[in-house]
Amino acid sequence: MMQQVVDWIDERIDLSGIRHFIAEKGVPIHTQKIWYYLGGLTLFLFAVQIVTGILLLLYYRPSAAEAYESVQFIVSDVEFGWLIRNIHSWSANLLIAVAFAHFFSVFLLKSYRKPRELTWLTGMVLLFLMLAFGFSGYLLPWNELSFFATKVGTAIGGAVPLVGRFLLRLIRGGDDVTGATLSRFYGLHVAVLPAITTAFVALHLLLVQRQGMSVPIEVEQRVKAGERLRQMPFFPNYILREVLAWYVALAILAALAAFYPWKLGKKAELFAVVPPGIRPEWYFLAMFHTLKLLPSHMLGFEGERVGVIAFGLSALFFVLVPFLDARSSRSERSPLFTALAVFALVYLVTFTIIGYFAK
Amino acid sequence: MFIALRIFLAVSGLSLVTASVAVGQTPAGRNACVSCHTRLTDSRLAKPPELFAQPDIHRESGFACVDCHGGDLAATEKTRAHDAAHGFKGKPAGQTVITTCVRCHSDAALMRRFAPRQRVDQAIEYATSVHGKRLAAGDTKVATCASCHGAHGIRRVKDAKSPVFPTNVARTCASCHASKQHMSSYTLADGTPLPTNQFAEYQKSVHYAALTKGDDLSAPSCNACHGNHGAAPPGVGSVANVCGTCHAVFAQKFEASVHRQIFDKGCVECHGNHAVLKPSDEMLGTGAHAICATCHSGADDKGAVAADRMRGDIDRLKGAIDGTSALVAHVKNAGMEVSAQELALAEARSHLTLGRTEMHASDAVRVDAIIQEGLTIVTGADVAGQRAVGELKFRRTGLAISLGAIMLVVVALGLKIRQLDRQA
């Protein structure tokens, strides 16, 4: 039956190209091949987000008056609503964690080097898009914690030089975080970001398939020296391994959703006193805590502004790294960039932990 | 005059503002009183200028020693400074304290210049007080303005160091009323000695705890029930009214109670006066610690039956709330959304409070109706809580089954992958 369907389609649109691609595509086998799975895992979690997000849309109401109550309704009255919401929340966090792991693994393996600069650039855009998803989605339940965290987060946006004030009002839809901010974040979260992300995911995947998997520089050097590169068939050998990883991720998600439901907290009150312990989501904690530690003034500028500029320049450095790391482009080892990546990783982990426990 | 001014300033709880005043306008420059008195070895005479130099509302408003004591501020010798021709009065005492203070503090036109919102009827009130009446009768041991507000170094009432700041009032009153020696010559209307344990009793009370430990400055001290300038014991028949100024709903219920006509001392009959302890449900009914049992006992005593019924109702609702609260807390800790149940429990607690309040009307039927409403609410929350427990079990079972299925697939995939690798 299945074969008949394939034949039917094949007769109308020649599938030989795809068949050939699947049959021929291979995945290099080496000691670092485990990192290949992170990309697919990120894609899987993104798919989970799309599916659960669409289901949440059926009941969610994007207004300051109804948002909290609608989420409350979803988790308490809608059949399996609790599961969908909890998986969406947990999957969002796992997605960003895996995306960062993917980012650092690609960086340390120098997979960004020529000819994969475009893959790296699209990947960086996707990482920023994931952070934007996280930031915008955090406010949507309209609870106390997310409300005040968004106030703090958007205020950091206001510290951007020259356009800070404009940016702040653009993000918030006014001078303060209100129902207008919620509407904007909702639109961004469910329409703008998904549309852009889908396009970039497609482009990213296309580039990966087109160029094949990168191999570490050492492996490439050995291949150039004449060593044969072992490969496994993409289909079914590699894809089955990837699916296995997805199943494990699904099991973790289900366990987290059942045992550690994502708390809804108290409804946001516009004029309430800021409760203690307000902090952003964990993936912004390192930046948030660093900004907190900066003195009020540095080099004649506001400390927070200097911090925001420094983070902006750091992000730009990571975006442009394929063009800055000349040694990797020549397939040579580049210990300086390795050291920078390790430093960034240690810094992020350390400051995230310190920020989490800081009062 | 100066002392008097201070006294009434603080008495009324406000203060003279800055600026100098025509009455006792003090010229700037040398103050002969201070120059001499600070050099005196007799501490009674040297202390006043020292205290006056500390925060003092009168000095800060431009007043000087001569404004209360009279005399010549500019004189360089004692005889001239203390010249009666310059109005020297020395230390005001007894009725003179009152007249000195009144000179400014009962002058609305003058007070308007310094503290326009301050009352100017303190002297009239004082005249109606036990202190005022005894003073008028020649008893100079009684409290006058300076006794409570001080004579020198008078602080604003809102100053926490003022002896009449809410947290200090009781101790200030106790300085006389807790002294057996000072109070030995005073008796109650029936001739029994006036007790001196009021402060010690008050320190056990829920009011004292609220004031000193709960930082609730609105909690009552002596003056809240007895008055301040017009201080007097509330009449026996007025106690409920006095308590009712704060506990309005309880007073209203008590008014409708059969006890209204029976209790000579109103609220005091059950709650006491100075040592008002935290009320508990044990006070109700005919059990071991029940106050009702003082008068009511036996199955044929309607009062005892009603008291037991009300106590039973309240205990039933309290027990139901406690049980359901524990259930809701349990499912909440497991991550279930229980805000609706928490809201219902809060509403049930309101009914418990309403029932306890209604009890003061001594009407068991009305208490019963309120408690039944509360029990209905708790039952609803309990059913929802039990449902949440079931849901929790369902989720855990579902998870176990799902994980089992996923593990099967993972194992199958692993086997398939191994097979493929062997073939390769």
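Helix 4 and helix 5 of chain A pack at an angle of about 115°, with their axes 5 Å apart. Axes here are lines fitted to C-alpha atoms, for helices over the stretch in contact, and angles run from 0 to 180 degrees between N-to-C directions. The structure is a predicted model, in which local features need pLDDT of at least 70, side-chain atom pairs count only at pLDDT 80 or more, and totals for chains, interfaces and linings use all residues. Residues are numbered from 1 along each chain as its sequence is written, while chains are lettered from A and ligands numbered from 1 in the order in which they are written.

At the packing of these two helices, A:Val71, A:Ile74 and A:Val75 of helix 4 meet A:Gly81, A:Trp82 and A:Arg85 of helix 5. Two residues are in contact if their C-beta atoms, placed from the backbone, lie within 7 Å. Helices (H or I, at least four residues) and strands (E, at least two) are DSSP runs, numbered from the N terminus. By class, this helix contact has four nonpolar, one polar and one charged residues. Ala, Val, Leu, Ile, Met, Phe, Trp, Tyr, Cys and Pro count as nonpolar, Asp, Glu, Lys and Arg as charged, and the others, Gly among them, as polar. The loop between helix 4 and helix 5 of chain A holds A:Phe80. A:Phe80 has a positive phi of about 60° although it is not a glycine. With 12 C-beta neighbours inside 10 Å, A:Phe80 counts as exposed. A residue is buried if 20 or more other C-beta atoms lie within 10 Å of its own, exposed if 12 or fewer, and partly exposed in between, with C-beta atoms placed from the backbone.

Chain A comes to 15 helices and four strands. Of its 359 residues, 31% count as buried. Among contacts in chain A with a separation of 6 or more, 77% join residues 24 or more positions apart.

The largest nonpolar core has 55 residues. Such a core is a set of buried Ala, Val, Leu, Ile, Met, Phe, Trp, Tyr and Cys residues joined through C-beta atoms within 7 Å. Helix 5 of chain A gives the most to this core, with 14 residues. The residues with the most contacts inside the core include A:Ile87, A:Trp142 and A:Leu253. Leaving aside neighbours within four places in sequence, A:Ile87 is in contact with A:Val48, A:Thr52, A:Leu253 and A:Ala257. A second, separate core of 27 residues includes B:Ile314, B:Ala320, B:Val328 and B:Ile377.

The bond from A:Lys114 to A:Pro115 is cis, with omega near 15°. A:Pro115 sits in the loop between helix 5 and helix 6 of chain A. The bond from A:Phe235 to A:Pro236 is also cis, with omega near 5°. A:Pro236 belongs to helix 11 of chain A.

Helix 12 (residues 282-293) of chain A has twelve residues. Its reach is 17 Å from first C-alpha to last, close to the 16 Å expected at 1.5 Å a residue. The expected span is 1.5 Å times one less than the number of residues. The buried residues of helix 12 are A:Phe284, A:Ala286, A:Met287, A:Phe288 and A:His289. They pack against helix 7, helix 13 (303-324) and helix 15 (335-357) of chain A. Helix 7 also contains A:Gly157. A:Gly157 is partly exposed, with 16 other C-beta atoms within 10 Å. Not counting residues up to four places away in sequence, A:Gly157 touches A:Leu167, A:Leu168 and A:Ile171.

Chain B has 22 helices and zero strands. Buried residues make up 34% of its 424 residues. B:Asp215, in the loop between helix 15 (206-212) and helix 16 (222-226) of chain B, has a positive phi near 55°. With 9 C-beta neighbours inside 10 Å, B:Asp215 counts as exposed.

The contact between the chains takes 20 residues from chain A and 18 residues from chain B. Helix 11 of chain A gives the most to the chain A side, with 13 residues. By class, that side has 16 nonpolar, three polar and one charged residues. The predictor gives the complex an ipTM of 0.82 and a pTM of 0.69.

Over residues 1-22 of chain B, pLDDT stays under 50.

Conventions:
pLDDT = per-residue confidence, 0-100.
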